[in-house]
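Subject: Structure handover

Hello,

The sequence and structure are below for your own use. My notes on them follow.

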Amino acid sequence: MEGTEKEAAASNGSTPGVAAPAALGAPVPADAAGAARAAPPPQASVLPVGEAPAAEAVVREAPAGPDFASSGVPGTSKVKLSKKSGKLKLNERPAAIDLKSVVKTFGQLTAVNNVTLDVPDGSVFGLIGPNGAGKTTTFSMLAGYLAPTSGEIYILDRLPTAVDALRGQVGVLPQDALLPAQEKVGRFLMYLAALQGMTSGQAKTAVEQVLTEVEGRDWWNIKCGTLSHGMAKRVGLAQALLGEPRVILLDEPTAGLDPRVAYGVRQLVKSRKGRATLVISSHNLQELEEICDYAAILDHGVLVAHGSMAELTASSSEIRVELAVGPIPEEQVRAIQGVKTAHFDKAARELNITFDRHVGDAEEMIRRVTYVLYQYNARISGISKGRGLEQRVMELTE
Amino acid sequence: MSPVREAGLTALREMRRNLGSTKGIAMFVLFFLGGAVPSVVRILFMKIVDQGTMVEASEEMKRQFFEQQLLRVYDADIAHYLSAAPWTLFLLFKGTLVFVPLLILLIGFDQIAGEIQHRSIRYIAGRSRRESIVAGKALGVWGVISAMMLVLHLTVWIVMIAEGGTPVSAVLAWGPRFWLFSVASAGAYVGLTALVSSLFRTPIVALFVGIAVFFAVWLTSTILGLFPSTKPGTWAFPSSYDSLLVSNQPLHVVGGFAALIGWGALMVAIAAVIVKRRDV
């Protein structure tokens, strides 16, 4: 599956970091070679196949030159914000959405506590967290449904409530808003399009187009109240995508959908990548890991981590090697240049290795580590980059 | 886009939704029957007169009798002016003023509360100013109730013309006038309904509170009107301005229109502020 952090140990020997250096035709790195002894001939074909082709994992590489500051949690990081010409920037990309010290309280309950983050323009951004983490509250503040108790929120440099300035530029799929039961789908969407400033002709074209996108071309004359859950969700999505908005906010876009429809929705969201900034609030971590470039993890209303998906999953600074019963050359792996820590978890039979990503990228480190393991006759069952979003979220949230 | 256009789009949508909904159709039938009942009563009454069971009075005697009755409520000038109107139409107007506030409440109690309860307002809150949403919804309800009242009045006008007892010119001169007066009066109650609806998330609560509020408005206004010292207080309530509408002074009529619509607009403005400030 695309985007999963589990990295393959390629059965065809073509995956870097898994096949022996000789097989790759590459020179053995001096640091690794120095630690290695005589090695048996390469037998890459006996190594298990991982879950994802290596080429897909490259997609998850951290963007070049991000300005990250350690959050104190291994493998995670917080984005350092820099102020430039009055705009917050991340990775030299302008921020489409800025939240500054946002707090939302409901009576005694603090639902969102001092959240500061930005969403780079053109990115797909995930809002992650368990129930009660403050995801939907944050989302609702972004959409302008809820007013923050304190702090500032800007969408495209405007307040979310600046409806006239943001007209047609922000599309929102609210999680639990019912469609008007008595109204027909076409009429409803035409009304929304008219409110976005479209003429009747433009609105008709846009509505037909967006209904086609959600595979609902024939729903024009169906009353919203008679739609199934999946159909209603897609109509909701259609109204969010209406008129090519620059920012699209989606709250649980695939919740309650059957796998086929959910897949369709994911493809639809992916098709908007690069055309708009997307913020997706979801419980479905696999889905977010698959779709998102960046994410924020909330817990009890507090932002516990945020950054690129590669950073959050530590896929650019951590690898894990699953080892079968046999030699565990922990010390030798630790001696490899660039390796910061190497620790063998006996229960999971995993060798967890963190490394300095400035010395080498994950693929390079996999190559070095597997070479050493190979030299010491360690039996590799599997290799993965990072920890996977699900595991990271489990570590960071209560 | 101007707030006026936003409100206009919402008003048209609300009218289309209301008129096309089961509730809207039921209300139309109710209003049609509301027009049919006085028409039937009038026909039966005229038949009794025709059968000689009642002494037929001259037109002038009828007018004088009608004027005497009007003098119980209005001053001499207004009573004389109104006595020229067909009494059926006048009674229809007065009946409309009594029942229409309740019907407005039945149509509009969920206009905002319902949207907030089901969060449907979230689909439009990002596309339209909340003030425009509230104003548009109120205008929509006003449009619907005006159309329904037209059905009610039109039914009576048609019956009166068909029955032939009243000059067509009198029906056409007074009928639309009374309908317009009813529309102006409805404006105030549409505003009050919007305000009540904006205060609650649960429509049924808005309905019951609305009934209580409307009753309290009527009761307070009536009690204040009983005593000369408290009578000026009645000007805080819309029912007091109804009497201006039927004045023989054009300026009073215009003032009555302005006061009723202004009163309704004030209520809508308060509702708009509430909806703007609240979380949806």
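To start inside chain B: B:Glu115 has a relative accessible area of 5% and so is buried (buried means under 20% relative accessible area, exposed over 50%, partly exposed in between, with a 1.4 Å probe and protein chains only). Its salt-bridge partner is B:Lys137, with the closest N and O atoms 2.9 Å apart; a salt bridge here is a side-chain nitrogen of Lys or Arg within 4 Å of a carboxyl oxygen of Asp or Glu. B:Lys137, at 2%, is buried as well. The two are 22 residues apart and link distant parts of the chain, B:Lys137 sitting in helix H8 (residues 130–163) and B:Glu115 in helix H6 of chain B. Helices (H or I, at least four residues) and strands (E, at least two) are DSSP runs, numbered from the N terminus.

Conventions: this is a predicted model, in which local features need pLDDT of at least 70, side-chain atom pairs count only at pLDDT 80 or more, and totals for chains, interfaces and linings use all residues. Residues are numbered from 1 along each chain as its sequence is written, chains are lettered from A and ligands numbered from 1 in the order in which they are written, and side-chain values use heavy atoms, with hydrogens and water left out.

Confidence

pLDDT is the predictor's confidence in each residue, from 0 to 100. The average for chain A is 77, and 77% of its residues score at least 70. Residues 1–90 of chain A stay under 50.

Interface of chains A and B

Chain A gives 29 residues to the contact and chain B gives 24, where contact means heavy atoms within 4.5 Å. About 2,500 Å² is buried between the two chains, 51% of it from carbon and sulfur atoms; buried area is the accessible area (1.4 Å probe) that two parts lose on being put together, summed over both. A:Tyr145, A:Tyr191 and A:Leu195 supply 25% of the area that chain A buries against chain B, more than any other three residues.

The rule finds 7 salt bridges across this interface, and the count over all chains is 33. Which residues take part? One of the pairs is A:Asp176 with B:Arg119, at 2.6 Å from N to O. A:Asp176 is partly exposed at 38% relative accessibility, and B:Arg119 is partly exposed at 29%.

A:Glu183 pairs with B:Arg16 at 3.4 Å and with B:Arg17 at 3.8 Å. B:Arg17 lies in helix H1 (residues 3–20) of chain B, and A:Glu183 in the loop between S9 and H6 of chain A. A:Glu183 is buried, at 4% relative accessibility, whereas B:Arg17 is partly exposed at 24%.

A:Lys223

A:Lys223 lies in the loop between helix H7 (200–213) and H8 of chain A and is partly exposed at 32% relative accessibility. Beyond its neighbours within four places in sequence, A:Lys223 is in contact with A:Ala181, A:Gln182, A:Glu183 and A:Lys184.

Regards
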